Amino acid sequence: MWKSRFDSQGQALKARNLGVWKMLTVAVWMALLGSLQAQELQGHVSIILLGATGDLAKKYLWQGLFQLYLDEAGKGHNFSFHGAALTAPKQGQELMAKALESLSCPKDMALNHCAELKSQFVQLSQYHQLKATEDYQALSKDIEAQVQREGLREAGRIFYFSVPSFAYADIARNINSSCRPGPGAWLRVVLEKPFGHDHLSAQQLATELGSFFQEEEMFRVDHYLGKQAVAQILPFRDQNRQALDRIWNRHHVERVEIIMKETVDAAGRTGFYEKYGVIRDILQNHLTEVLSLVAMELPPNISNSEAVLQHKLQVFQALRGLQKGSAVLGQYQAYSEQVRRELQKPDSFHSLTPTFAGILVYIDNLRWEGVPFILVSGKALDERVGYVRILFKNQAYCAQNDKHWDTAQSQCLPQQIVFYIGHGDLGSPAVLVSRNLFRPFLPTKSWKEMEARPGLRLFGHPLSDYHAYSPVREQDAYSILLSRIFHCQKDSFITTENLLASWVFWTPLLDSLAHEIPRLYPGGAENGHLLDFVFSGDQLSFSQQQVEQLVPGPGATPMPRNFQVLRATYRESPLISAWPEELVSKLASDIEATAMQAVRRFGRFHLALSGGSSPIALFQQLARGHYGFPWAHTHLWLVDERCVPLSDPDSNFQGLQAHLLQHIRVPYYNIHPMPVHLHQRLCAEEDQGTQLYAGEISALVTNSSFDLVLLGMGIDGHTASLFPQSPTGLDGEQLVVLTKSPSRPYQRMSLSLPLINRARKVAVLVMGKMKREITMLVSRVGHQPKKWPISGVLPSSGQLVWYMDYEAFLG
């Protein structure tokens, strides 16, 4: 028994000793780990600000670096700050010291503590003149000596390029060869836009930089990504997934507006603006980046930078290509004079650089198909404001009068989410969610509910209609981005791949707009409705017509590109003339407007189309740019047809099929080809194809009056397949006739002139320099259809409009 008791006591003692040993072991490991962590925290970070005496540095970057110091210095990090420029050392040091005098602390910091921290920061900051390779070598040695002197380990170096992009290559070469940190330390280089002028220049710059730096070392800054409301878009979507998953898509979103308006003009910056303009300055980068945050698919973990960047890239790849009609451009009236004065241009100089742009963007994927994204930016506008507005569709009807609507519940109030970037009536960043949508979650540490502001209205509604949140502490965009650079959060920056994808999207539009004349506007409140625009399909146009002018102004030599759409008369009927692309776009829009009106009035739209080469561009325009066209209620007829099988490449129907029908959804029974091929014979009179087509028209088209007939005009004055010196189809009772052409294929089927003249509206499309002589001739002749059949087109119950391009009209 004693032995048993002794054994059990010995075992207990051993167990107790073993436990003590384990505890000591854990304590030793914890101490070692703490020591290692302490060593890790003692890493030294050098931040080199290139362009330290420039405007951006003085306004934002030194303050941002000071804020980074305030946030991180107390966490064991060791810093040195190096201002650098081409300026000589003494002058540079004075300029830098002046910039550092304006540093400010958070409002809740005691003044004496603020003064102490500013003094520390200034002591840690020194100026360097960096011009030659030797200067970069000397800087590197200075940093290494400081690190050794203080007994620290170098963690890494940040080089901030606050310099023009043309200087990037030389600086990059010098950093790579002479100023990289040693093994085990990281390098981060921060680049400011512009990142190229178009896709080619951006590619060249990226290739050049890529020869000196790894992709993970480069941080391309878009300061909009640091603005608090923009930086909140992804977290907001992530934290409110349950409420948003069902509505963040094409079935519920009516449109998305991404807006950045300024009241200031380009005075003092016209050199930059002449090279870049408003699209390159704002839309290609800032607004496109915001669009990607709104439109991208959310990865499971938004903290995964690589996943976020890949999902943003997928948005760029799904963007539908922009056409010239996707944009409206403006320029404030004083701009050209400012350019002449600042850049010493002659008095005859008139700039084509846009200072205002509205762009209509579509994303061709399952989530966003058909949802318009409207991007707008401009200078000399009526207000300074930036916001992202997601407006939801509303199919609710409330039986009570709107005076009785409950702002927290009524489904009839507009439903929207707004990321308010800043300025405007609110004056500060905010997130707004309509009360009748849902109550959002935002982190209370960084966002707070806004106090009531009676009388304040936003987007037509009082602030009380929204769940409204503002930042607990407002932060500058550069302060936020510098912190993310320090912590290597790459998703807040632009990768080479995403940059080039953006330029692939924007460059074709920029090329097509290079010679467009922007609409002039006076600036400020005087703009009135001049810059309002509407959209149909993927076409934008200004709501208010401006007085057309043939030349941009007095003293300028007119060039072909200076001509805008010209409205006049031709043979006593309205004439619309423009360059081919604008002309086709105008005709397509007019056809759509006629179709919408006919469907509203009669429930259907009967459209008769000519064949040949001229309408092909029109068919393509209707197919790709008019998604609101009422095709389901449209009947398509042919004006004329060649007597060939419908599958023959010469068939007018085959052209219609290839360029329009296969791209749209028209009910099968609404398509009416001419019956030229019956009983394996072509246009045999005994097959009575003309009577069959006439009977079909009489049965389906009220009074045999088409809503719109589209005609062309041949160089001999023929229209449809009604040819000179041939009486067939020019008069009489027949609705459809067989005719003979002077060129192959000789046999044709055509609507008769009397049937054409029954139409409610006739449009004649004439394009090409070859038509110049016949347009001159026909402009002078009277009613002589036997000589010139086109002269017999005089619709009795409707109207006739001529659409001519400049080459046909002016030669």
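Helices (H or I, at least four residues) and strands (E, at least two) are DSSP runs, numbered from the N terminus. The model is predicted, so that local features need pLDDT of at least 70 and side-chain atom pairs count only at pLDDT 80 or more, while totals for chains, interfaces and linings use all residues. Residues are numbered from 1 along each chain as its sequence is written, and side-chain values use heavy atoms, with hydrogens and water left out.

**Exercise 1.** Determine where glutamate 297 is found and which residues it touches.

Solution. Begin with the position: glutamate 297 is found in the loop between helix H11 (270–295) and helix H12 (305–318). Then list the contacts (heavy atoms within 4.5 Å): leaving aside residues up to four places away in sequence, glutamate 297 touches His311 and Arg367. Finally, glutamate 297 and valine 315 are 18 residues apart in sequence, and their C-alpha atoms are 8.3 Å apart in space.

**Exercise 2.** Describe how H12 and helix H15 (residues 496–512) pack.

Solution. Start from the axes, which are lines fitted to C-alpha atoms over the stretch in contact, with angles from 0 to 180 degrees between N-to-C directions. Those of H12 and H15 are 9 Å apart, at an angle of about 15 degrees. H12 is therefore roughly parallel to H15, a term that covers angles under 35 degrees. As for the residues involved, Leu309, Gln310, Lys312, Leu313 and Phe316 of H12 meet Glu497, Asn498, Ala501 and Ser502 of H15. By class, this contact of H12 with H15 comprises four nonpolar, three polar and two charged residues, where Ala, Val, Leu, Ile, Met, Phe, Trp, Tyr, Cys and Pro count as nonpolar, Asp, Glu, Lys and Arg as charged, and the others, Gly among them, as polar.

How values were computed. Angles under 35 degrees count as roughly parallel, over 145 as roughly antiparallel, 65 to 115 as roughly perpendicular and the rest as oblique.
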